[in-house]
Amino acid sequence: MNAGTLRRIGLAAAAPLVSAVIAILISSVVLELSGSDAIETFKTMLENGTKLESVIDMLNRATPLYLSAIAAAIGFRMNLFNIGVEGQYILAAFVAAVVGAELNLWGPLHITVILLTAMLVGAAWSGLAGLLKVTRGVNEVISTIMLNFIAVGGLVAGLLPKFIDDPTATNQGTTPIGESGRLPDLNSWVEVFTREITKGRRLTGVFLIAVIVGVIYHIVINRSRLGFDIRASGMNPTAARAGGVPPKRMVMFAMVGGGLVAGLVGMPEILSDTHAYDQGFIQGLGFAGIAVALLGRNSALGMALAALLFGFLDSSAAVLQVSNLASSEIVVIMQATILLVAVIAYEVVNRIRQRDEVRRAAQLVEATA
């Protein structure tokens, strides 16, 4: 391995490592100022994070974050800022829960129908923003923000009372999906390599779906003509158009593709956890997914690592709260610090790379002169 390759690997690893170190330093200062023992806090987080049950928690939290990040990243590859993942996955989960509860099919078919329903609803809602952009020039940021409000505060909030299963329940929700529409957990697979998973933890089957989606995303973006056209349109739309890539069609591909994946974000709740859409349905995953996509630089592996990091921090928040070692808000500070420093570090690394490329080009010119 030559010096140039080592330097490129070092630059690729520098940004996330620097971000993590600075986040730990800043969090340590905050912990000490708030009267907590920083070393003991981080020690507890690490000890808890290595337990099998904690790893299951981390994977369960990382799964929807990863799907949300991929949904956002598809748009980012086209320089489209799709921040409508939030509304897309909530509306998709609601419709999928209602449809799933109405059906009584053979197990695999029932689950497939629920998944397809969620993906189609997500794609249709995201595609609406794409359609507004290519036909009326509406900026996707504005349209997706408005569509988020319409989906969450309008459609779902307005329709949910019509599908309430038990009006006397504290947490009112739709009718639970039948047994045939519930996705089995992956505990038996994990236990082959580890030990019996205790404390009622169950690794959601959607984790496997997320892995498959990540592989497909990597192949399509990096190994297909469609992915090349999307990346070319994102890097230089004018050159891509001159090369025969239709820009409007690419916008629709990116928005609909992002919506298809966004529809899967809420599936761990619908297929593995509550099996219904209720008033306590998890929200905020759309915006968290954008952070994960930015941290992972829109690459399948990078986003997987970023999602695992966020999943680890999320699961640690509960431990800190129980142990009274520190406020669980320290996790939010760490996540925000990592993201902020990562954005700066990536920009610095990018400038160093550009400077290296200019230097190499100059050396080649001198050598051939």
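## Helix packing

Helices here are DSSP runs of H or I with at least four residues, numbered from the N terminus; axes are lines fitted to C-alpha atoms over the stretch in contact, and angles run from 0 to 180 degrees between N-to-C directions. In this predicted model, local features need pLDDT of at least 70 and side-chain atom pairs count only at pLDDT 80 or more, whereas totals for chains, interfaces and linings use all residues. Residues are numbered from 1 along each chain as its sequence is written, and side-chain values use heavy atoms, with hydrogens and water left out.

Helix α4 (residues 85–102) packs against helix α5 (residues 107–136) at an angle of about 145°, the axes being 8 Å apart. Contact (heavy atoms within 4.5 Å) involves residues including L91, V95 and V99 of α4 and I114, V121 and W125 of α5.

## Aromatic pairs

The whole structure holds 5 aromatic pairs; rings of Phe, Tyr and Trp (its six-membered ring) pair if their centres lie within 6.5 Å, with planes under 30 degrees apart counted as stacked, over 60 as edge-to-face and the rest as tilted. The rings of F94 and F163 are edge-to-face, with centres 6.0 Å apart and planes at 80°. This pair links helix α4 to the loop between α6 (140–159) and α7 (187–193), 69 residues apart.

F94 is buried, at a relative accessible area of 2%, while F163 is partly exposed at 33% (buried is under 20%, exposed over 50%, partly exposed in between, with a 1.4 Å probe and protein chains only). F94 also pairs edge-to-face with Y277, with centres 5.5 Å apart and planes at 80°. One aromatic cluster comprises Y89, F94, F163, Y277 and F281.

Technical notes. Helices (H or I, at least four residues) and strands (E, at least two) are DSSP runs, numbered from the N terminus.
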